[in-house]
Structure formats: C-alpha cells, structure tokens
Amino acid sequence: TWIIIIVQIVKVGWWNLNITDIWAKVLDIIKPELNPVSFSTWFGETKINEITDDKIILLVPMPLHKRQLSTQYHDLLTDAFTKVTGVERTIECVLEEEILKDMENMVKQVVDNDKNINNEVEDFDSNLNPKLTFENFVVGNSNKFARTAAFAVAENPGSTYNPLFIYGKSGIGKTHLMNAIGNYIKDNNPKLKVLYATSEEFRNDYTRVSNPNENAMDVSYRFKKKYRDLDVLMIDDIQFLVNAKQTQEEFFHTFNELHGKNKQIIITSDRSPDDLKILEERLRNRFAMGLPVDIFPPDFELRCRIIKDKIKRLPNIQDKMTDEVIEFIANNFDTNVRSLEGAINRLVAYTALYVPEKMDLEFANNALKDFITKNPYVSNDIASIQKAVADYYNITVEVLKGKRRSANIAYPRMVAMYLCRMLTDQSFPRIGLEFGGRDHSTVIHAVDKIENDLRDNNQLKEIINEIKGKL
C-alpha cells in the first residue's frame, strides 16, 4: 500500500510546486487549446489566489473574466488542474474587490442561444475594415472594460450582451472596436452574416425607399434584405439620426426584429443612451437594454503605447525617435488617438524633408509647434506632476499609481491628485483614470483631504510649494 502511495505522489509531483509553478503548468496545458487573442484576454491577468483540499480560487481582474472562466472555460480549467495536481477540485473565480471586502457574489450564467446559420453570406459585403482587429487594438485603463466587453460579444454574438452600446468622444477607438468584433466573428463564424454601417449609410439606404424614381417594392425588399436578414448589425454614430423621424421609425422596427431573433446588435455614439435626448425615448430605452460601455480618452501611458505601436511599422521613424520625443507627443496630443496619428504623420513628412540623424526633442518641437496649443516646456501635465511627487517621496510612479494603500503611499497619492486638480484643467474622472483607473469620487476625497490639511499643516504647505517649485 505504501509503495502504491509513494508511486502516486512521485507521479503527481505537485507537492513541491508553489502556486506560481502550478499556474504556469496549467497555462501550458490551456494555451494550445485557444487562439492567442482568447488566451491573452481571459488568462493574461488571471492568477491563483488560493488552493485548498477541495477548491482552487482564481483571482480575476473583471466580472467579465469571472463569468467567462466560470462558464465557457470551466471544464478546460478543471481538466488542466487535475492533470497538474492529480486531484479534481472545484474551481471558483473571485474579484479583488470581493477578497478585500470578504464578499462572495453570485456568478450569472451566460445562456448560449442557438445561432441561425445563414447560407447566403458568401457574396455578402460586410463593409468591414480588415485592418481593424483586436490584435492591433492597444489596451489601457481608458478602454480596457470596453475592449473586454467587445471581445465577449465577439465570442458569443447574440447571447452575451445585446445590444452592446459603446459610447465616447470622437477618435478614441469606438469604430476600431466595432470592426474588430465584426472581423473576429467573420473569422471564427464564417457562416454568420455581419454588416457594419454608419447611421448616414442606413439613412441613405432608407431614403431610397421613398424615392419616386425608384421601384418602391424592389427597393424596400432590398433594404429589408440588407438590414434584417442578418446575424450581426453594427451601426456607427447613431446620434446622427437626429431630425430623421422616419429613419428612426425604420431603425426601431429593424432593431425589434433582429433583437427578437437573438441577433447581435452593436451601436456606437458620442454620448450615453441617457444623454441621447435627440432620439426617440423608445429607441433610447432599447439601447439601454443590453450593456452600455464608455471609452475615455487615452491616458498618458496608453498614449505612449499607441505611439510605439504606430511607429513600429515605420522603421525609419522608430529607429530615430527617442523616448523623450514619444513622451513629448503623448503630453501634447492628449485628446484622442487621431490627434496622435496626425502628429506622427507630420513627423514622418518632416523627417522625409530634413532627414535628421536623430529625432530629438528640439526637432519634434519644430515639426509640431504649429499644432501645439501650449508651450511644452512650461506646461504642468499629469505625468510630470506624478513624477515630481514620486521623486519627492522617494517612490516610483508605478507605486504611486498602483493599488497599495499603506499610509506612506496613499498620502503622496492624494498630494499628487490634489496638485493635478490645482495645476491642470483636467476633470476628476480624467485624473482618476491617470491614477490606475480610480473612480472620480476617490479624487474628490483626496483633494478635499489635502485642502483641509493645508489649513493647519505648515509642513505640508512647504512640501506642496517645493513640489510646485520643481514643476
């Protein structure tokens, strides 16, 4: 009996593995079973929190991960852990907030609906941009939730979130995400009929129905064939249906028919469903039925990563551009991704004209000075304030923006938030976004706290003035 037990222990071999080693071996088993995007999305930021005799607790970053790992990937995880540890255990996924608050939330099960197979998609033009994919969508705090929600819809169109309503300012990635969903669905479900259209295209197509020069019955048939005989309908910039009452009426019926058949609907707008007062209330109510997700303008770190991603396809630029120039562009073109692309295109043209050996800060400033509304050498941006505060308190910017809550970190973080509010024109939500995606209420609390302390704390006044002086 003892020989058998020893043989089993040697065979399993997990007694001398720590949690990190176990998770690494589990991922080695799972990775070949998934495509790279699925593996990165659902397992890239997941880790083991605890292993007990009968349970394995996984720490996941978002509720979407909790749902997907507990349903779609449950069996895959169970089999992988059993192979590594030799013991079958129950797998439970929890969020960091749940661990901190010692709470357990019930996980809602995703109901998978049968997909209607359409055999007429071979010649159908989906109107998608094949260059806009999940692989080249750069993720940061400002768009992480929207990207994860979009990928969940792409994996299970018609059953996960319907409709998916993505909203935010122009030029921050809504159209890219919408096309990425469509391209992913087409690649993985080629029999599904997918259509991307702007609200203007929808309106123009419908206008032809009432054109006296057209065959009304024929045009109406082709219109309904195009927009209602679909598995996935994506309408970009829905806000432009303002003052188009008849078109809104037609879209309302199109929405109802597709939604009633569990067909996926994805919509983008420059504002939330509640703020779309320009559209009929019954349309706004339907937009809010599924999942509204917002995208913020990219924060400093994301802007730097976007620039690096753009220039890696431009070797003549990438080899010459320094990190200082990248940060310079990120600091001065901070409204949207399109402004970053415009700055890069300007530098490309300027470089082709003057052919510098190295692209330093002076060269970049000369190339872009006509497009910059503020002096980059005297401006106080959030990134520079974070660095100044971190240097003063002898900590790193990463720690300052991180999740540690000890007093020696939390108070400098509040000082930095206070200075960002005082020295920049950025809003509370934007400042919170630059500090690891924190809620605006956290920033308000920090500003109020420092303002109160400054009334009686002369040492704090000196610290604030010294940091301001460095800035």
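Student: How many residues does helix H2 have, and how far does it reach?
Tutor: Helix H2 (residues 19-30) has twelve residues and reaches 16 Å from first C-alpha to last, close to the 16 Å expected at 1.5 Å a residue. The expected span is 1.5 Å times one less than the number of residues. Helices (H or I, at least four residues) and strands (E, at least two) are DSSP runs, numbered from the N terminus.

Student: What should I know about the model itself?
Tutor: It is a predicted model: local features need pLDDT of at least 70, side-chain atom pairs count only at pLDDT 80 or more, and totals for chains, interfaces and linings use all residues. Residues are numbered from 1 along each chain as its sequence is written, and side-chain values use heavy atoms, with hydrogens and water left out.

Student: Which residues of H2 are buried?
Tutor: Ile 22, Trp 23, Val 26, Leu 27 and Ile 30. Buried means under 20% relative accessible area, exposed over 50%, partly exposed in between (1.4 Å probe, protein chains only).

Student: Why are they on the same side of H2?
Tutor: They cover an arc of only 135° around the axis, so they share one side of H2. That arc is taken from the directions from the helix axis to the C-beta atoms. An α-helix has 3.6 residues a turn, so residues three or four places apart point the same way.

Student: And what's on the face turned away?
Tutor: The exposed residues Thr 20 and Asp 28.

Student: What covers the buried side?
Tutor: The cover includes helix H3 (36-43), strand E1 (47-51), strand E2 (55-60) and helix H5 (74-85). Contact means heavy atoms within 4.5 Å.

Student: Switching to Ser 38. Buried or exposed?
Tutor: Ser 38 counts as buried, because its relative accessibility is 3%. Ser 38 sits in helix H3.

Student: Which side chains does the Ser 38 side chain make polar contacts with?
Tutor: Glu 155, at 3.1 Å, and Tyr 184, at 3.3 Å. A polar contact is a pair of N or O atoms within 3.5 Å; within protein, one must be able to donate a hydrogen and the other to accept it, and residues adjacent in sequence count only if both atoms are side-chain atoms.

Student: How many aromatic pairs are there?
Tutor: The structure holds 19. In one of them, the rings of Phe 165 and Phe 287 have centres 5.4 Å apart and planes at 35°, so the pair is tilted. Rings of Phe, Tyr and Trp (its six-membered ring) pair if their centres lie within 6.5 Å; planes under 30 degrees apart count as stacked, over 60 as edge-to-face and the rest as tilted.
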